[in-house]
Amino acid sequence: MAVTGPHTTDLPALPAHPDPETDQVLDSGLLHELSYAFGGPFHFLLPHRFDANLTASRTALRDAGVAGRVYYAKKANKAAVWLERCAANDAGVDVASAPELRQALGHGVRGEHLVVTGPAKSEELLRLAIRHGCLIAVDALDELDLLRALTGDGAGRPARLLLRRLPPAQPHSRFGMPDAELTAALERCVRAGDAVRMEGFSFHLAGYATRPRADLAGELLDWCLRARALGLPADRISIGGGFAVDYTSAGHWQTFLAGQRPEHYHARKTFRNADFYPYHSPVAGAGALREILATVPANGHTTLAARLRETGTRLLTEPGRALLDTAGASVFRVQGVKDRDGYRIVTVDGTSLSLSEQWFNSEYLPDPQLVTPAGRAHGDGVHPACVGGASCLDSDLLTWRKIRFPARPRVGDLLVYPNTAGYQMDSNESPFHDLALPPKVVLDRLGARPRWRLDRRPAL
C-alpha cells in the first residue's frame, strides 16, 4: 500500500540517464546472488565504459590535431581494474602518494606514463618518482630544491618536472606558485643543468567551467615560450581535470533545484542548491575537453588547439570522475523498514561512508533503483522513503531525501545507486563498527549471464 501524507506527491525525482546495459545487470539476478555471497554491500564495475571514456578523450585531442596524453586521476576510485585498463591502453595515471605510485607500477603502468601531482610531496614519493622517470608537478620552491638534492643522491637520472602555477583568479588556492616564485623556479631549473628536465607547466583549478581552463592554458603557453628562451625544453602543459559528469537530464535537474525544500527530506534536512554537485552539465567529459580546445584564450587570437599546434606544445589532462562516467554502481541490501508520518525509513546493510558526496556538504542525489528478487521494481505508486545506514549514528543516512519508490521496499530487496564509480564508492570509506569495506566486483561480460570477478589490489 502506498504511503500518503503531506508533500508525498510533489517529491521531485532525479533519475539517472537511461542505461540499458546496467538495467540488464539489475534484471539478471546476479546482484542478489552476490549480496548473499558477500553478506553486505558491494560495488560493481564496468571496465569497458572506462575504455570508451578514455577513447572519447583521446579522440577529442586527435580531432583537434593536438598531441597529448590522458592521465587517469587515481584518487577518483581505488579499484585496481582502472590501472589494468590504463596499462592495456597505454594510458597515463595521475598519482599523489607513494602507495598510489607503487600500485600503478605494480599493474604495469610505465613510470614515464605517471604524473605525480600531490602537494608538499614526501621525500619517499619524490625519490620513487625520480627513479622511475615519472613526471612531477612541482608545487613550491623548496620542493624544487629537494628534487635537485635527490637527483644528486644516487638517482642516476634527471628529475622530470612541470612547474605548477598558482591561478591568478584563485589566489587563495594552496596549489602552485605565484608569478614571482615561478620566475625564480625557472632560474633554478637553468642553474640545475642536467639534474632536472623542466618539461612545462601545470595548474590546479577549482570548478567545472571550461573558459577559465582555456584562458589559463593560454597563459601557460606564454610561460613555455619564456622557458624555451632560457634553454629549457618546456614542451607541454597540463590543464588537470575538472571535466564534469552529466548524471541526469536538464529537465529533471532544473525541476529538482526549483522544487526541493526541507519537507522533502528526513528530519527537514536542508541543503543549499549552491552546494550540490552540478548533476546536469550540458558540456561534460570529453565534450568539455573539446570545448576547451575550441576556445580562444583571453590572451590570444586563435583557438587553444591552434596555439598548441603552432607552438609545438603537448596537452596533458588528468580527469578522474569523467573517465569513470557510467562505469560502476553501488548495491545495498534492505535490512529494515519502518513507517513514519507520510514516508518510510529504509535501513540498509552498509553505511553512508560508502556512498558520499560529503566534500560538497551534500549527498549523492541520483535516485537509487529498487531491485526485487524478480528484477527492477515497476509501478505507478508513490512510496516515499529515505535511506539510512546500519551504524548507530542518527546522521548516518545514505539519502536524506525522500525517494519516490514505485513499490514498497522490503527486507531482502536491493537498492542500486547508479553511476557511483567517480569518487562516491570509496573516497570516505571506513570499516566503522568493524563492518567490512564493500568489495568491488568487475563485470567483464554483460548479457543474460554476466561474467564477474573480484577486483584485487596487490599487497604492497
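**Barrel, helix crossing and an aromatic pair**

Ser202 finds its bridge partner in strand S8, at Ser238. The model is a predicted one, where local features need pLDDT of at least 70 and side-chain atom pairs count only at pLDDT 80 or more, while totals for chains, interfaces and linings use all residues. Residues are numbered from 1 along each chain as its sequence is written, and side-chain values use heavy atoms, with hydrogens and water left out.

Strands S7 (residues 196–203) and S8 (residues 236–238) run parallel and are joined by three bridges; two strands pair if DSSP finds at least two bridges between them. Helices (H or I, at least four residues) and strands (E, at least two) are DSSP runs, numbered from the N terminus. Zooming out, eight strands close into a barrel in the order S2-S3-S4-S5-S6-S7-S8-S9, with parallel pairing. On average, neighbouring strands of this sheet are turned by 30 degrees against each other, direction ignored.

Now for the helices. H9 (residues 210–229) and H11 (residues 286–294) have axes that come within 9 Å and cross at roughly 45 degrees. Axes are lines fitted to C-alpha atoms, for helices over the stretch in contact, and angles run from 0 to 180 degrees between N-to-C directions. The contact (heavy atoms within 4.5 Å) involves Thr210, Arg213 and Ala214 of H9, together with Ala288, Glu291 and Ile292 of H11.

As for aromatics, the structure holds 18 aromatic pairs, counted when ring centres of Phe, Tyr and Trp (its six-membered ring) lie within 6.5 Å. One of them, Trp253 with Phe256, is stacked (planes under 30 degrees apart), at 5.8 Å centre to centre and 10 degrees between the planes. Both residues sit in helix H10 (residues 250–259), three residues apart, about one turn of the helix.

Note on methods:
Phe/Tyr/Trp six-rings, centres within 6.5 Å; stacked < 30°, edge-to-face > 60°.
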